[in-house]
Amino acid sequence: MIKPRMIVTGATGKTGSVVTTELLKAGYPVRALAHREDDRSARLKAQGAEIAVADMSDAERVADALKDVRRAYYCPPFDPYMIQGAVGFAVAAKEAGLEHIVGVTQWLASPSHPSLMTRQHWLVDRLFSMMPGVAHTIVNPGFFADDYMVTMGLSANLGIFPWIFGNSRNAPPSNEDIARVAAAALMDPARHAGKSYRPTGPELIGADEMAKAIGRAVGRSVKAVPTPAWLFMKAARMSGYPIDVFSGIRYYIDDHKRGAFELGAPNTDVLDMTGRPAEDFETIARRYAALPRNHRTLGNWVREFVQFILGPLSRGFDLDRYDRELRRPFPLAPQFATDSKVWRREHAITNAIKAVPLDRGKTPITAASHG
């Protein structure tokens, strides 16, 4: 029997590349949609993927990429205009006769969240679910384990694990487990249509447990160090992270502190979907520790030490100016996920949620303070 052609958006990304690989190994023809042809797309091509180049906001090129495709993995770019690309994709998907979309979204997705990206995720979930004749499966992980690994070099060389999330915990999934859940859903749409899955790691862990796991991975003692969010933001800007990402992360920090990622975790979705246990945090950390930039070398030590010293003196993101210049919409009554009745209902959250105040001295979230 001829297997249906799949398209993977964000195919060179952290989950898209693994989804592509998993589908190819299972014998499916895969069209990998990428922003550009580069070394990453070349590796996918060498595995047998067909490469299509298009920006998600380019509706005509996306429509061309969807020709002869039956199922899709939709991973939206972290972009303020993500909703435009999603609508274009939906139009093209309908015209192409797509039968199934597996969309990766956010555990926090809700209609009145202060993060524009999170509100857009919620809208895209609704959009795809309303498409007649097209099955839709949601994959909505919380904070990836990948998010905690961005300071691995600092941990390996200086023994510090910066922590900005208070006393909260998470059961963070690996990129690979998230992707394998999505690939499994794509291979069996009849079983997974209309369902939502939240890949998690095998246990809830906090700052100290993560620091110890990272320490074992890098072969040294690592200490979790409470770090103010403003300092983390400055370090992120100095490291070259885009402002788009951190315009949302500033709110996710507070979601984390309020325990949003503890709710519903851990679960067995990874095992149930893939037949293999979810990867634990130390296993994931060892993979990152093996990367050259995270080795304990003199050059890496100097880089991490210089950034550590210069961080407090560097400029941070001007997020309020960024939002004003983009003229971003903002809810009249913004709500973090745990405060949203819609979010609680859609995630079947009925247990008590601990009330955690925002950072001391932080202006309450309102349309006025947002700018």
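**Ground rules**

I am working with a predicted model, where local features need pLDDT of at least 70, side-chain atom pairs count only at pLDDT 80 or more, and totals for chains, interfaces and linings use all residues. Residues are numbered from 1 along each chain as its sequence is written, and side-chain values use heavy atoms, with hydrogens and water left out.

**Entry: the sheet**

I began with the strands, taking helices (H or I, at least four residues) and strands (E, at least two) as DSSP runs numbered from the N terminus. Two strands pair if DSSP finds at least two bridges between them. I found an open sheet of 7 strands in the order S3-S2-S1-S4-S5-S6-S8, with parallel pairing. At its edges are S3 (50-53) and S8 (196-197), each pairing on one side only.

Next I looked at S1, residues 6-8. S1 pairs with S4 (residues 71-74) in the parallel sense over 3 bridges, and Ile-7 stands opposite Ala-72 in S4. S1 also pairs with S2 in the parallel sense over 3 bridges, with Met-6 opposite Val-30 in S2.

How many residues of S2 are buried? I counted 5 of its 5 residues as buried, where buried means under 20% relative accessible area, exposed over 50% and partly exposed in between (1.4 Å probe, protein chains only). In a regular strand the side chains alternate between the two faces of the sheet. In S2, Val-30, Ala-32 and Ala-34 point one way, Arg-31 and Leu-33 point the other way, and all are buried.

Which helix lies across S1, S2 and S4? I noted H1 (residues 16-25), which runs at about 160 degrees to S1. Axes here are lines fitted to C-alpha atoms, for helices over the stretch in contact (heavy atoms within 4.5 Å), and angles run from 0 to 180 degrees between N-to-C directions.

**Entry: the rings**

I then searched for aromatic pairs and got 16. Rings of Phe, Tyr and Trp (its six-membered ring) pair if their centres lie within 6.5 Å; planes under 30 degrees apart count as stacked, over 60 as edge-to-face and the rest as tilted.

I looked up Phe-246, which is buried at a relative accessible area of 4%. Phe-246 and Phe-232 form a tilted pair, 6.0 Å centre to centre with 50 degrees between the planes. Phe-232 lies in H11 (residues 229-238) and Phe-246 in H12 (residues 243-257), so the pair ties together parts 14 residues apart in sequence.

Why is the pair of Phe-246 and Phe-317 stacked? The ring centres are 5.4 Å apart and the planes are at 20 degrees, so this pair counts as stacked. Phe-317 sits in the loop between H15 (298-310) and H16 (319-326) while Phe-246 is in H12, so this pair ties together parts 71 residues apart in sequence. Phe-317 is buried too, at 16% relative accessibility.

I also noted a cluster in which ring pairs link Phe-143, Tyr-148, Phe-161, Trp-163, Phe-165, Phe-261 and Phe-281.

**Entry: charges over rings**

A charge sits over a ring if NZ of Lys or CZ of Arg is within 6 Å of the ring centre and within 35 degrees of the ring normal. I noted Lys-3 over the face of Tyr-28, at 4.7 Å from the ring centre. Arg-198 lies over the face of Trp-107, at 4.0 Å from the ring centre.

**Entry: salt bridges**

My search of the whole structure gave 21 salt bridges, each a side-chain nitrogen of Lys or Arg within 4 Å of a carboxyl oxygen of Asp or Glu.

Arg-71 is in S4 and Glu-99 in the loop between H4 (82-96) and S5 (100-104), so the pair ties together parts 28 residues apart in sequence. Arg-71 is buried at 10% relative accessibility, whereas Glu-99 is partly exposed at 31%.

I also looked up Glu-282 and Arg-216, whose closest N and O atoms are 2.6 Å apart in a salt bridge. Glu-282 belongs to H14 (residues 281-289) and Arg-216 to H10 (residues 207-218), so the pair ties together parts 66 residues apart in sequence. Arg-216 counts as partly exposed, at 47% relative accessibility.

Lastly, I noted a network of salt bridges linking Glu-176, Asp-177, Arg-180, Glu-279 and Arg-287.
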